[in-house]
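This briefing covers strands, sheets, helix packing, record annotations and confidence, in that order. Please read it alongside the sequence and the coordinates.

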Amino acid sequence: MMSRFRLDLLVLLVFALHFAPSLSDLVISKLDRRIDLTSQIVRVTLTLKVENTGTDPVSEVSLTFPEHQANNLALLVAVSTEGKGKSRGAATNLPIKIKQPNDSPASLIWYAASLPKELGKGESLNLDVLAVFTHVLRPFPEKITQAESQLFLFQDSAHFASPYDVKIQSLTVKLPSENVESYTKLEKTKFSGSEIKYGPYENLPAFSYSPVIVHFPSNKPFVVAKELVREIEISHWGNVQVTEHYNIIHGGAQSTGEFSRLDFQARPHVRGASAVRNLIAMLPPRAHSIYYRDAIGNISTSNIYGDSSKTLLEIEPRYPMFGGWKTSFTIGYGLPLQDCLFQLGGTRFLNITFGSPMNDVVLPEGSRDISVSVPFPVKQSQVTTFSHLDIAGRPTVVVEKVNVVPEHNQYFQVHYKFSNLSLLTEPLMLIFGFFSVFVACIIYMHADFTISKSSASYLAKLQWDEVQGTIQQLQDIINRCLLIHDKLEASLRELSRTGDVQACKAVRKSADNLLKDLSKELKPLLAILQSSPQAAHVLPKVEELVVKERDLQEKIMLKHTMVVDSYEKKSGGRDLENRVASIQQKISALKQEVDDLVEFIEDI
Amino acid sequence: MAVPIDNNLTKPTPPSSTLRFAFGNVLAFFILLLIGVLAFSIRLFSVIKYESVIHEFDPYFNYRVTQFLTKNGIYDFWNWFDDRTWYPLGRVIGGTVYPGLTLTAGTIWKVLQSLNIPLSVETVCVFTAPVFSAFASWAAYLLTKEVKGTGAGLTAAVLLAMVPSYISRSVAGSYDNEAVAIFALIFTFYLYVKTLNTGSLFYATLNSIAYFYMVCSWGGYTFIINLIPMHVLLCIVTGRYSSRLYIAYAPLVVLGTLLAALVPVVGFNAVMTSEHFASFLVFIVIHVVALAYYIKGMLSPKMFKVAATLVVSVGLVVCCAVVAVLVAVVASSPTKGWSGRSLSLLDPLRLALGWSRALDLPVPGQRHSRLAPSVPGYKTQYQAVKKTYASKYIPIIASVSEHQPPTWPSYFMDLNVLAFLVPAGIIACFSPLSDASSFVILYLVMSVYFSGVMVRLMLVLAPAACIMSGIALSEAFDVFTRSIKFYISNLSESLQIDAGDTVPGNNVSPPSDVLKNDKKEDMLKERPSRKNKKKEKENIEKPSVKSKTEKRPLVLPVEASFFALFLTVLLGGFYVVHSVWAAAEAYSAPSIVLTSHSHDGLHVFDDFREAYAWLSHNTEVDDKVASWWDYGYQTTAMANRTVIVDNNTWNNTHIATVGTAMSSPEKAAWEIFNSLDVKYVLVVFGGLVGYPSDDINKFLWMVRIGGGVFPHIKEPDYLRDGQYRIDSQATPTMLNSLMYKLSYFRFVETDGGKGYDRVRRTEIGRKHFKLTHFEEVFTTHHWMVRIYKLKPQKNRIRGKTKKSKSKTSYTTTPRSGTVKKNPWH
């Protein structure tokens, strides 16, 4: 590995020596470069002072990076500040684009920063450049055991590969700790604290090159999300649901050999120093309903801290992650709608941090005129997703970017138009759905779905239903008659207790009337039964019942009259008792028969 | 006028009573709805207390199959050959699973998906069981209504909605066959009884379809296909043969058998195995009886007698011949099933074997791990089984805790007060005895017997017990409320009379109302039997009239009935409290996540998933993982790695091979595993945190099962004086076995050289040792799962320099001298 790097550098060097034209008359009078190696993301800060020594005004400043770095460049920002010293003016962000001259060496990538105003002769300008690289640290050795700590190689040039001549330049490399395995010692190299300082070097020509290799230990989490998809779903009912799917790997030195939990638990900082134990996710302040899970369920090792400005979610993967180990999980949380959705005239816009290489913004069904504004170049596309009870689907904006670093965590906006009435679609749909189900039920219960309405069996069934109905009514009437009988008997008992003849008579009278009414009601029913052929086999029984019942009625009336009369005349005695008893016998016999008949008819 | 009784619904009635009926129906409908909600929500404790996750072992397999179904479609599902399990044999999943559950959940998922409701397959699977338990309670309502009316139906439905025995198998996440099968079972019974009551061919057809669904769902369908013939036979013997009985039975056998044969896992078993013979036999019998009745109707009694003697004598001869032929055929058939299986009805263990074969999947330590916190001493479950059973029959069946006969406490735990109410229900079913109630009684009796054979079959008993108790409670309420009503009406009558109220029809009606209720109920009970024959009808009508007249004084004193009512409600209250407790505490743990409460709050042991997640992310896709079969399903489902054996246990030899490897010394084990292409070995070890159902406790079963096939593994070698121990008294064979080594590797360093095992409550016997052929690659946070990798074979070294064997990059651990210590002889 090492030798290959060296080779790269040599090739570069060769090119650099052969190619030394001065692009323009710009000269960098002072260049200060700081490389921050404290985390897996390498941040290079350049402070340079550009001077135009030529005659033509210059509108662009070129910055060059070797190809192996430029491929891993995640972010390049140039800020120009006017004025000098302490009285620096407002900083302006310069637009940067790739501009490869035809005669450039192959291993250099050129970036051109356009200046806000042309740089005239003799004028100078201060530039601050931030370049962020990923994956430029190489673990070396590539495989370590649990007990070893991770070592990384970083290689660069002590001289900034500038297309311009540089008058004074220096390089500072900041390491995560004070330990360093080895570093290239050039002239004017100083190692102090956790910093290695090269330079200052004076009057270097363009594309001068002096390879530097730093080999240093670092046990900082080296977590790389191979895949990270963030789904932002807006519900106008008051919630923005964010779901982040992570697929991460420990990108440091591969772990090899045994993993001993014992060693890891007993001496965590010695055995397992390179392991990733936990990660911190910074969520917006009012995030709620936070979950952390993976394909096989909830992961119980997480903690939430929060204050008014942010919510910190400390998540611990299911297992400590050693080099090369992978895992995947999902984090989800809800945000109050008013925190990130705003209205501007007729349009609404979502304002949320970028924070993920792939953002799917799911807008509510019925959104129109969608546009996205992101502060840096991204790939955009639009798809349709279907969720709860959607018909047309929800327009979804997909915003993609490769190589995202924390510096990209800026706000971006999605503008769209949405009518509040569309909110009611789904509830109305549900209401209508349930309503139609009930209506269908009602129709089904009331409609007759017989296939053949003229078939004999169907007609017979109809008739039989009618007969049954009639018999039911008839039975009802008989039952009421029987009730009245009971009442008459009761009045007699009452009489024997109180001797109130008048009341008893009144009861009889009302009962008599009722019974007459009932027998009137009975007649048409009997007529129906007689006319119906279906009722032929039950008719005799029914008629018998009616006759028996009438008989019973008469007997009871008779008894009642007799007893009341005797009370009235106070002419009790054996004779009456005998007569009453004989009637009573008949009554009970009749009652039994009537009961039997009623029973039979009920059974029909 | 009357309590709503549905039989009268079709008749046009006076408007007031129609309103009553309608009101009653709406009330019943809402009660049923609430019962459904209750049944569903009482099973959500597991989701609320833990999380929405699939539980235990078998559900993971079902979940995996459902995932496959939803991803690949039904045709691929039928043809699915699973190469991720039983390596290198594989398993034909499509032809060996009961597809009912998977198809059900898959269909639900499809429907939701088509409605754009984005539920994951996992969510659907988790909530299938609660949904179907709501269905099951509705089915119980229907069945009981057919037997004893609406009131009993509602009571039975409430009881079933929260019977602990059923909850234990249908909490949210318990995605197992039984979850839908119990619904299918009850519903099939309902349709059978309904057909029996109505004689409608429509219901008979539905009954066959319901039976088909049951066959799809669970091996327990044999219970139906034996119980219904039994009932038919009972009806015939007791002279209750009718055309309705014929319609209820004959189509079921014909259609049901045809449909059952469509299910791949059943196939020709539906006509070829002894479990189904009873139904065919009764099918013949019912036809003979039908013929006899037909001829009886045609001939005069005298002629019939002559004909009967003739036929019987000829028939006896023919029967003898047929039986002889049958016996000969069966005896010569390859399965030899008949003679052995018929014995199984009498021998509980044989029966258990038959059942477990029918139910397909013996589940290890399921109950066991579930009951972990509540049942003391259960940890010895794997050893507690009587040795005679284990050595006499297949130990693999005996090793499963839920195949043991239940103890009395488990009846109380799973049925609670139902156990006491059931006898009352039986009595209520006998007064009067109808076809339907005799069926319920038969169901109860059979299921009680079966539950006595195997704990697992308590599940079949639970619905029967609920129906019986529902009937009992409802009857009791009926008597008490009737007494109270009677008392109140008397009271109001006397009051009204005192007040001189003469409004007709008002003051006398309540008692007659009560009376009429009774009559109607009697009618309802009597109906089926009455339709049989006129003669019989007369006979029964007489007692019923008598009973009606007797019922007039059948009112209890009001104080007594109030008191009894209070006690009954109290009893119900106890049941509810117990059920909720059981649902919340005993049965809702998912068993893949363990929790313990300590003084500083809840502690979660999520080691299983930690290990499975590690396997799934950090090993190659085609790596083979060996573990004891308990963890096979979970490994395939959660880690998506190929396993050697799993919970399906269809190949005893394969399991014995793994058992042998685990009980062998390191080198021999390495050779066995290497021959199986195994790359990782997974063991479960509870010694550090005191998790009792770990592999060391199951180890004796590995020895037994291994020894059953490979005789060089001998159980006594692992026992010291018949005792299983791992302390210093343990046998050298034990201490050298792979299982011991993998479990206790470097364990002694955790507590400063003592090596105290918290499960076995002893210091381990062999403390310091090295592994030669395996290396530790992962151990979970609480050491509950340890994963080892097989070291690659060493380079062959010529000559004397035995020690310089490290050309490979793997030899980082110093292991001088371990070769000499290797006890392989």
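How many bridges join strand β17 of chain A to strand β18 of chain A, and do the two run parallel or antiparallel? The model is predicted, and in it 12 bridges join β17 (residues 223–235) to β18 (residues 239–250) of chain A, the two strands running antiparallel. One facing pair along them is I234(A) and V240(A), the latter in β18(A).

**The eight-stranded sheet of chain A**
- β17 and β18 belong to an open sheet of 8 strands in chain A, ordered β22-β21-β25-β18-β17-β28-β31-β30.
- Pairing in this sheet is mixed.
- Its edge strands are β22 (297–298) and β30 (379–385) of chain A, each of which pairs on one side only.
- A helix of chain B packs on the sheet: α30 (residues 607–618) of chain B touches β21 (288–294), β22 and β25 (326–336) of chain A.
- The direction of α30(B) makes about 115 degrees with that of β25(A).

**The four-stranded sheet of chain A**
- A further open sheet in chain A has 4 strands in the order β26-β27-β32-β29, with antiparallel pairing.
- β26 (341–344) and β29 (368–373) of chain A each have a single partner strand, so one side of each lacks a neighbour in the sheet.
- From one strand to the next, the twist averages 25 degrees.
- Within this sheet, 6 bridges join β27 (residues 347–353) to β32 (residues 411–417) of chain A, and these two strands run antiparallel.
- F349(A) stands opposite H415(A), which lies in β32(A).
- In a regular strand, side chains alternate between the two faces of the sheet.

**A hairpin in chain B**
- β3(B) and β4(B) form a hairpin, with 2 residues between the strands.
- The antiparallel pair β3 (residues 594–598) and β4 (residues 601–605) of chain B is joined by 5 bridges.
- Opposite S596(B) stands H603(B) of β4(B).

**Helix packing in chain B**
- Two packed helices are described by the angle between their axes and the distance between the axes.
- For α11 (residues 201–217) and α13 (residues 243–260) of chain B, the angle is about 35 degrees and the axes are 8 Å apart.
- The crossing of α11(B) past α13(B) is right-handed.
- Residues in the contact include L201(B), A204(B), I209(B), F212(B) and V215(B) from α11(B), and I247(B), P251(B), L252(B), L255(B) and L259(B) from α13(B).
- By class, the contact of α11(B) with α13(B) has 13 nonpolar, 5 polar and no charged residues.

**Annotations from the record**
- An unreviewed UniProt entry lists a "transmembrane region" at residues 428–447 of chain A.
- Over residues 428–447 of chain A, the chain is 95% helix and 0% strand, with the end C-alpha atoms 28 Å apart.
- For chain B, UniProt (unreviewed entry) places the feature "domain: STT3/PglB/AglB core" at residues 622–681.
- Residues 622–681 of chain B are 50% helix and 15% strand, and their end C-alpha atoms are 14 Å apart.

**Confidence in chain A**
- The mean pLDDT of chain A is 82, and 93% of its residues reach 70 or more.
- Confidence in chain A is highest in helix α5 (residues 425–446), at a mean of 92, and lowest in helix α1 (residues 2–18), at 46.
- pLDDT stays under 50 over residues 1–7 of chain A, where the model has 8 contacts beyond four places in sequence.
- Residues 9–22 of chain A also stay under 50, with 19 such contacts beyond four places in sequence.
- Where pLDDT is low, the predicted coordinates should not be read in detail.

Definitions and conventions. Residues are numbered from 1 along each chain as its sequence is written. Chains are lettered from A and ligands numbered from 1 in the order in which they are written. This is a predicted model: local features need pLDDT of at least 70, side-chain atom pairs count only at pLDDT 80 or more; totals for chains, interfaces and linings use all residues. Side-chain values use heavy atoms; hydrogens and water are left out. Two strands pair if DSSP finds at least two bridges between them. Contact means heavy atoms within 4.5 Å. Axes are lines fitted to C-alpha atoms, for helices over the stretch in contact, and angles run from 0 to 180 degrees between N-to-C directions. A crossing is left-handed if the near helix is turned anticlockwise from the far one by less than a right angle, and right-handed if clockwise. Ala, Val, Leu, Ile, Met, Phe, Trp, Tyr, Cys and Pro count as nonpolar, Asp, Glu, Lys and Arg as charged, and the others, Gly among them, as polar. pLDDT is the predictor's confidence in each residue, from 0 to 100. UniProt positions are given in the numbering used here, feature names are shortened, and annotations may be inferred rather than shown by experiment.
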